[in-house]
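Reader: I'd like to learn how to read a model like this one, feature by feature. Could you start with overall shape?

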Amino acid sequence: MYVLLAVIGGILLGAAAHAMLPARASRGVAVSGALGGASAAIVYTALTWSGVAESSVWMWVASLGAAIVVAIVGTLILTRLRLSHDTAEDARLGIA
């Protein structure tokens with residue numbers, strides 16, 4: 001059941017990343033939170049299966065650390081892709 005806490009923490013860290021990174025208008029509100037929550041769940045589950053105890057501080061450092069890193073990097077990549085696609089589409093349509 002502790003995996004739920006890791007997922008909620010990952011979602012909150014992802015939402016904080018969304019709020020702090022530039023170009024918020026070019027992406028959905030839930031994208032960063034989803035990236036953070038999913039990565040926290042994956043890392044937490046992988047560490048549980050590998051035998052790391054739930055009471056270990058490294059379980060939480062790894063899962064929440066992965067959540068913030070994946071949320072920030074993923075959000076920056078998706079934002080850059082969206083802005084470049086929008087620019088190309090505007091040029092193709094003759095808008096810009």
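This is a predicted model: local features need pLDDT of at least 70, side-chain atom pairs count only at pLDDT 80 or more; totals for chains, interfaces and linings use all residues.

Reader: Fine. How many helices and strands are there?

Author: Helices (H or I, at least four residues) and strands (E, at least two) are DSSP runs, numbered from the N terminus. This protein has three helices and zero strands, in the order α-α-α from the N terminus on.

Reader: How do I read the packing of helix 1 and helix 2?

Author: Start with the axes, which are lines fitted to C-alpha atoms, for helices over the stretch in contact; angles run from 0 to 180 degrees between N-to-C directions. For helix 1 (residues 2-20) and helix 2 (residues 30-49), the axes come within 7 Å and cross at roughly 145°. Then handedness: a crossing is left-handed if the near helix is turned anticlockwise from the far one by less than a right angle, and right-handed if clockwise. Helix 1 passes helix 2 in a right-handed crossing.

Reader: And which residues make the contact?

Author: Contact means heavy atoms within 4.5 Å. On helix 1 the residues include Ala-6, Gly-10, Gly-14 and His-18, and on helix 2 they include Gly-33, Gly-36, Gly-37 and Tyr-44.

Reader: What do the axes of helix 2 and helix 3 do?

Author: With helix 3 (residues 57-93), the axes come within 7 Å and cross at roughly 145°, and the crossing is right-handed. Among the residues that meet are Leu-35, Ser-39, Val-43 and Leu-47 in helix 2, and Trp-58, Ala-62, Val-70 and Leu-78 in helix 3. The contact residues divide into 15 nonpolar, seven polar and no charged.

Reader: Now burial. Is His-18 buried or exposed?

Author: The scale is relative accessible area: buried means under 20%, exposed over 50%, partly exposed in between (1.4 Å probe, protein chains only). His-18, in helix 1, is buried because its relative accessible area is 10%. Leaving aside neighbours within four places in sequence, His-18 is in contact with Arg-24, Arg-27, Gly-28, Val-29 and Ser-32. Across the protein, 26% of the 96 residues count as buried.

Reader: Why does Ile-42 get the label exposed?

Author: Ile-42 has a relative accessible area of 60%, so the label is exposed. Ile-42 is in helix 2, and its C-alpha is 17 Å from that of Val-57, 15 residues away in sequence.

Reader: Where does Val-70 fall on that scale?

Author: At 34%, Val-70 is partly exposed. Val-70 lies in helix 3 and touches Leu-35, Ser-39 and Thr-75, not counting residues up to four places away in sequence.

Reader: Last one: what should I look for in backbone angles?

Author: Most residues other than glycine have a negative phi. Ala-23 has a phi near 60°, a positive value in a residue other than glycine. Ala-23 is found in the loop between helix 1 and helix 2, and is partly exposed at 34% relative accessible area.

Definitions and conventions
Residues are numbered from 1 along each chain as its sequence is written. Side-chain values use heavy atoms; hydrogens and water are left out. Ala, Val, Leu, Ile, Met, Phe, Trp, Tyr, Cys and Pro count as nonpolar, Asp, Glu, Lys and Arg as charged, and the others, Gly among them, as polar.
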